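The following exercises concern the structure shown below.

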Amino acid sequence: MYICVCRAITDHDIRRAVANGARTMRELRLHLGVCSSCGRCGPEAREILTEACASISATAVYIDLPAMEPARARQSA
Ligand code: FES
């Protein structure tokens, strides 16, 4: 669904931006252009942003890190 008609930005665009790290309206404005013209999309964009951020923080994220090498003792010269 289109949220920002001026910039043709959908709710999916906003959710994708949140998945890619956006957390504030300022970041959405910078990266997507949301709310950068008439401003009517602001309240709904903020609502979707809040919902998407809450959804991400409620989801556990597991990162498979490679095994680290044991720290080597520093050799003094
Ligand atoms: S509807 Fe988003 S700036 Fe106009």
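**Exercise 1: Overall layout**

Read along the sequence, the protein follows the pattern β-β-α-α-α, with helices (H or I, at least four residues) and strands (E, at least two) taken as DSSP runs numbered from the N terminus. The model is predicted: local features require pLDDT of at least 70 and side-chain atom pairs count only at pLDDT 80 or more, while totals for chains, interfaces and linings use all residues. Residues are numbered from 1 along each chain as its sequence is written.

Task: State how many helices and strands the protein has.

Solution: There are three helices and two strands.

**Exercise 2: Helix α3**

Solution: 
1. The expected span is 1.5 Å times one less than the number of residues. For the 17 residues of α3 (residues 42-58) this gives 24 Å, which agrees with end C-alpha atoms 24 Å apart.
2. Ala45, Ile48 and Leu49 of α3 are buried (20 or more other C-beta atoms within 10 Å of the residue's own; exposed means 12 or fewer, partly exposed in between; C-beta atoms are placed from the backbone).
3. These residues cover an arc of only 105° around the axis, so they lie on the same side of α3; the arc is that of the directions from the helix axis to the C-beta atoms.
4. The face turned away from the buried side carries the exposed residues Pro43, Thr50, Ala54, Ser57 and Ala58.
5. The buried residues of α3 pack against β1 (2-4), α1 (11-19) and α2 (25-31).

Notes: Two residues are in contact if their C-beta atoms, placed from the backbone, lie within 7 Å.
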